[in-house]
Amino acid sequence: MTADQTSAALPAALGGTPAFPEGLPLTVVEVPDRDGLLRRLGTVLDSGRLTNGPTVAELEERAAKLLEVEHVVAVSSCTAGLMLVLQAAGVAAGRPVVMPGFTFSATAHAAHWAGGVPLFAEALEENVTLDPEDAAARLAAAREPAALVATHVYGTPCRVERLREAAGAAGVPLVYDAAHALGSRRGGVPVGGFGLAEVFSMSPTKVAVAGEGGLVATRDGSLAETLRCARDYGNPGDYDTLFPGLNARMSELHAAVGLTWLEGLPERVAHRGALAAGFAAAVAGVPGLRVALPDDGDTSTFKDLTLMLDADAFGLTALELSRALKAEGVDSRRYFHPPVHRQKAYAHLGQAEALPRTDRLADSVLTVPLWTQMDAGTVRRTADAVLRIHAGAEQLRAEGV
């Protein structure tokens with residue numbers, strides 16, 4: 001073997017050639033139709049109307065058609081949307097809101113701001129979405145639960161059928177944090193129409209972007225009417241506010257950006273799915289390594305391409321793999337570590353030791369780069385870097401790299 005071959009076979013952390021000396025970021029945002037966006041922005045600016053205008057209404061109409069629901073309400077962020085939905089659903093002060101511990105902190109923050117108390121439940125082993133059976137058990141044991149909230153983690157659809165049963169048995173509304181899932185499908189049905197409401201994010205790391213903003217999808221016309229008032233301080237139009245709302249309007253400029261990203265969304269989601277499948281195939285059979293994938297028949301946006309490690313079998317922990325990938329020039333993140341029930345903001349709830357399975361899964365996850373403009377060759381190079389690192393795991397550990 002030549003020196004060049006030896007360098008190529010070794011992980012960069014052991015002196016090999018980095019897979020991406022130029023660096024591979026976790027995500028890259030690229031406008032799909034810059035000229036079209038500039039035209040839309042120009043129309044908004046020419047109108048002199050930057051809020052409460054026709055562009056937001058057009059975004060809502062387009063999104064409702066895409067999601068196959070009757071109503072979509074555009075808001076300033078997914079978090080604000082969740083807050084207003086839970087408020088409208090009647091979450092009362094001090095009542096428990098059952099939700100996953102394995103989620104972004106905003107899920108819990110929304111329940112807190114609405115007056116509820118997060119009651120965390122376990123994640124599924126297979127795909128780290130909310131475990132319906134554990135959620136049902138915690139709902140049954142809770143005193144006067146107020147709601148069930150589930151998260152389509154990484155864009156992977158939850159097992160919505162069983163969650164619907166659990167919420168129905170407990171007599172509580174079911175709400176989805178669908179931040180990652182604009183374009184996901186459960187058994188061919190678009191995520192968006194499950195539960196009382198599903199709330200999407202259009203922030204820059206998502207598959208459909210508005211700059212900042214969110215969309216609340218619902219089949220409930222009364223809820224949609226309440227949310228339209230709630231996003232404008234609770235003002236019905238005469239300044240005699242009906243309840244304490246928020247300034248949670250989406251601007252016309254953000255809506256123009258969002259409309260640009262909605263176009264071609266199914267095709268972009270399909271491309272991301274193909275890239276994720278290619279990565280999974282490339283690392284198939286590696287001991288202690290699997291990719292977080294949706295159930296058969298489901299479609300994920302793959303907002304994140306996430307690896308799940310058994311450190312004993314793979315030879316490295318998620319943190320050690322992250323360090324080795326950094327030497328390769330590959331960015332990575334540990335979504336979601338620590339899980340919310342272990343974060344300082346919720347230490348007062350005393351639930352830090354309540355979810356051993358979630359804790360183990362959170363220790364195992366590592367998200368690697370995936371973006372819509374990425375090609376299959378880049379995915380393969382990333383997978384090859386992981387394979388080289390696995391092959392050198394024993395030496396990496398021995399040398400403390």
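Predicted model: local features only at pLDDT ≥ 70, side-chain atom pairs only at ≥ 80, totals over all residues.
Guide: Rings of Phe, Tyr and Trp (for Trp, its six-membered ring) form a pair if their centres lie within 6.5 Å, and the pair is stacked with planes under 30 degrees apart, edge-to-face over 60 and tilted for the rest. By that rule F102, F104, Y154, Y335 and F336 form one aromatic cluster, and the structure holds six aromatic pairs.

Visitor: Why is the pair of F102 and Y154 called edge-to-face?

Guide: The ring centres of F102 and Y154 are 6.3 Å apart, which is within the limit for a pair, and their planes stand at 85°, so the pair is edge-to-face.

Visitor: What makes F102 and Y154 count as buried?

Guide: Buried means under 20% relative accessible area, exposed over 50% and partly exposed in between, with a 1.4 Å probe and protein chains only. F102 has a relative accessible area of 1%, so F102 is buried, and Y154, at 2%, is buried too.

Visitor: How do you know that the pair of Y154 and F336 is stacked?

Guide: The angle between the planes of Y154 and F336 is 10°, and their centres are 6.2 Å apart, which gives a stacked pair. This pair also links distant parts of the chain, Y154 in the loop between β4 and α7 and F336 in the loop between α12 (318-327) and α13 (356-364), 182 residues apart. The backbone has features of its own here: Y154 has a positive phi of about 65° although it is not a glycine, and a cis peptide bond with omega about 0° joins Y335 and F336. Another cis peptide bond, again with omega about 0°, joins H337 and P338, and P338 is placed in the loop between α12 and α13.

Visitor: What joins the side chains of D298 and R186?

Guide: A polar contact of 2.7 Å joins them, the term standing for N or O atoms within 3.5 Å where, within protein, one must be able to donate a hydrogen and the other to accept it, and where residues adjacent in sequence count only if both atoms are side-chain atoms. D298 sits in the loop between β10 (289-291) and β11 (305-309), and its 12% relative accessibility falls under the limit, so D298 counts as buried.

Visitor: Which residues does L26 touch, not counting residues up to four places away in sequence?

Guide: With contact taken as heavy atoms within 4.5 Å, L26 touches D331, S332, R333, Y335, T367, V368, P369, L370 and W371. L26 belongs to the loop between α1 (3-9) and α2 (34-47), and the C-alpha atoms of L26 and D331 are separated by 5.2 Å, although the two residues are 305 apart along the chain. L26 has 10% relative accessibility, so it counts as buried.

Visitor: What makes α4 mostly covered?

Guide: Eight of the eleven residues of α4 are buried, namely C78, A80, G81, L82, M83, L84, V85 and L86. Just after α4, G90 takes a positive phi of about 85°.

Key:
Residues numbered from 1 in each chain as written. Heavy atoms only, no water. Helix = DSSP H or I, 4+ residues; strand = E, 2+ residues; numbered from the N terminus.
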